[in-house]
Amino acid sequence: MGALGSKGGKKPVFLRDWNFELARIAGIHVLHVGHPNKGIPLTDQTFQIIAIVLYLAGMVAIGYFAFRQTKDLDDYMLAGRGLKPGTAALSAGASDMSGWLLLGLPGAIYVSGLVEAWIAIGLTIGAWLNWKFVAPRLRSYTFVSKNSITIPSFFENRLKDTSRLLRVISGVIILVFFTFYVSSGMVAGGVFFENSFGSTFLTGMLIVAGVTLLYTLFGGFLGATLTDVAQGILMLIALIAVPLVALNATGGITATLDSIRAVNPDLLSITAGGSVLGVISAAAWGLGYVGQPHIIVRFMALRTPQDATAGRRIGIGWMILTALGAVATALIGIAYFQQNPDLTLSNPETVFLLLSQTLFHPFIAGLVLAAVLAAIMSTISSQLIVSSSALVEDLYKIVGKDATPKQLVMLGRVGVLLVAVVAGLIALQQNSTILDLVGFAWAGFGAAFGPVVILSLYWKKLSTWGTLASMVTGAVVVFIWGSSPLGDILYEIVPGFAASLIVAVVVSLLTYKPNAEIDAEFDLAAEQAHPKYVAPEKVSV
C-alpha cells in the first residue's frame, strides 16, 4: 500500500528516521537544482548561507533570552510551569512533526495519492485526543503529586512507589533512547551541511550540535521551547507559501486537478490502492502521542490545566494547516511536473524542496533550507532537555546529595552537556544500526508509556507492578512484532499498545492495594483539571 506498507524495499514510511533522510536528500537537491536544468551559482549559494546564518543567530538570541529567565531546576526543566498555551502547542508540534511533514508525507502523497493522508489523519486525531484528555489531567496531577517535573518522577509519586524501580527503569529507558535520538539528529546535521554547502561531515555536525547545545545548555526547557515556537512558525510559513506559489505556476485549481487526473485519477481518492490493515496501521500512528515524553512534558509546563483548551485549538490548528500544506504541495507537485516534462523528480520525497528551489528567489529558498535545519534542531533540543531531566531528576537525585537550586540548574546543564557529548561520539560513527533503532522509538515509547499514562490519570487502581509489567510488555511486543514479517502487515504499535494496556489492567487488579493518599490526590487532580475549575484566591495575612 505504497508508503503505508513498504516501498521499494525501504522501511515503512513511519519507521524511517526523517531528520536523517531530510538532511541527506535536501543537500543533494540544493546542489543540483535552482533554475531548471542548471546548478546553483555561487551567488545563489551565498544568499542561502546568509539565510542560514540569520536563522542560527536568531536561535542563539532566543536561547540567551531564556537563560535570563532561568533561576532554579523547575525553570530549567519545566520553564517554571509558566508556558502560555500557544507556546506549548507550537513547540509540541515543531519538536514532533517537522521532518516528516517536509519529506515523508509529501513523498508518500506524490507516489500513492490521498490514500497516504490516513497517516496525517491518525496523527491529528491522536494529537487532539492527547490535548483533550491527557493535557489537563497531566498538568494538574503532576503538580498535585509532589510537583513532579518528569514523567518517571510522576509515575513514582503517583503510585507511591518506595522501591524506586519505576523511576529508575523509566528514566533509563528515556535516557538511552533519547541519546540515540539526539545522535541521529547530529548525524542529520552533519549530512545536511556536507551535502548542502560542501563542508566536511564533522564541521556540519559541530555547527548543528554547537548551536543547538548553546541555546539548550543555557536556556534549558524554555530555550528549547521558544526556539521550537520560532521553528514551528517557520515550518508553517514554508508549508503555506510553497503550495500557493506552485498553484499559481500550474494555472490554478482547475488546471491543477486536470493535470493530476491526467497522471492518474486514483491519486485524488482517499481509498484507492489501500487496504483495511494499511489504513489501520497508518491511522494508528496517533496512538504514539500519549507516550512521547518530549511532547507530553509540554502539558506539564502549562500555566494551568485550563490552558489546555486554548493549547488544543492552537496546536490542532497548526497541525491541520501544516498537514494540508504538505498534502497540497505533493498534489500540486504532481501537476507541476506533469506540465513540465523537461524537469525530472528523481526522488518523490524531495518534491517540497525541489519546488521551493525552483520557484523562489535564492534567499527565500535559503529560508526554506532553514526550515529543513529547524526540523533537525527542534527535535535535538527537545530530546536533549528531556534526557538531561532523566539523568539529573530521575537518576542523580536518587543517589545524590541535596543541592541548592543553583547547583541543580548547573547539574541540569552538565546533564545536557554529557548527553550531547555521548550522542556526538556515537554520531561520529554514522552507524546505520543507530538509525534503525531510532525507527522503533516512536512505537516503543507509545506502547511502553502510553497505556500507563492514560491509566494513571483515569484509573485509581493502577498499581506499581501493573505499570512495570505494562512498560516491559509494550516494549517487548513492539520489538518482536516490528522485527518480524508481521511488521509489514500491521504497525507494531497496535499490538504493542493493546498488550500493554491489557497487562496493566490485569496485573493491577491482582496487585492493587487501597491507598487513601492516592485516592485523595486522584480526586484533587481530577477536580483541578475540570475546565470550569477556579483556583481559590490566596488570603493575605
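Q: What makes the place of Arg81 a loop between two helices, and which helices are they?
A: Helices are DSSP runs of H or I with at least four residues, strands are runs of E with at least two, and both are numbered from the N terminus. Arg81 lies in the loop between α3 (73–78) and α4 (85–112). This is a predicted model, in which local features need pLDDT of at least 70, side-chain atom pairs count only at pLDDT 80 or more, and totals for chains, interfaces and linings use all residues. Residues are numbered from 1 along each chain as its sequence is written, and side-chain values use heavy atoms, with hydrogens and water left out.

Q: Why is Arg81 called buried?
A: Buried means under 20% relative accessible area, exposed means over 50%, and partly exposed is in between (1.4 Å probe, protein chains only). Arg81 has a relative accessible area of 10%, so Arg81 is buried. Its phi is positive, about 50°, although Arg81 is not a glycine.

Q: Why is Arg164 partly exposed?
A: The relative accessible area of Arg164 is 30%, so Arg164 counts as partly exposed. Arg164 is in the loop between α6 (151–159) and α7 (165–197). Arg164 also has a positive phi, near 75°, in a residue other than glycine.

Q: Why does Ser170 count as buried?
A: Ser170 has 0% relative accessibility, and therefore counts as buried. Ser170 belongs to helix α7.

Q: What does Ser170 touch, not counting residues up to four places away in sequence?
A: Contact means heavy atoms within 4.5 Å. By that rule Ser170 touches Pro152, Phe155, Phe449 and Met471. Ser170 and Glu156 are 14 residues apart in sequence, and their C-alpha atoms are 9.9 Å apart in space.

Q: Why does Ile119 count as buried?
A: The relative accessibility of Ile119 is 2%, so Ile119 counts as buried. Ile119 sits in helix α5 (residues 118–144). From Ile119 to Leu105 is 14 residues in sequence and 8.2 Å in space, C-alpha to C-alpha.

Q: How do you know that the span of α15 agrees with its number of residues?
A: The expected span of a helix is 1.5 Å times one less than its number of residues. Helix α15 (residues 405–427) has 23 residues and should therefore span 33 Å; its end C-alpha atoms are 33 Å apart, which agrees. Buried residues of α15 include Leu408, Gly412, Arg413 and Val416.

Q: How do you know that the span of α17 agrees too?
A: With 20 residues at 1.5 Å a residue, α17 should span 28 Å; its end C-alpha atoms are 29 Å apart, which agrees. Among the buried residues of α17 are Thr464, Leu468, Met471 and Val478.

Q: What makes a space a pocket, and what volume does the largest pocket have?
A: On a 1 Å grid over the protein atoms alone, a pocket is an open set of points where a 1.4 Å probe fits, with protein on both sides within 12 Å along at least five of seven lines. The largest pocket has a volume of about 370 Å³, where volume is the space filled by probe spheres set on the points. Lining residues have an atom within 4 Å of a point. There are 17 of them here, and the closest to the centre are Leu159, Ser463, Thr464, Thr511 and Lys513. The elements giving two or more residues to the lining are α17 (464–483) and α19 (516–529).

Q: How many helices and strands does the protein have?
A: The protein has 19 helices and zero strands. Of its 541 residues, 57% count as buried.
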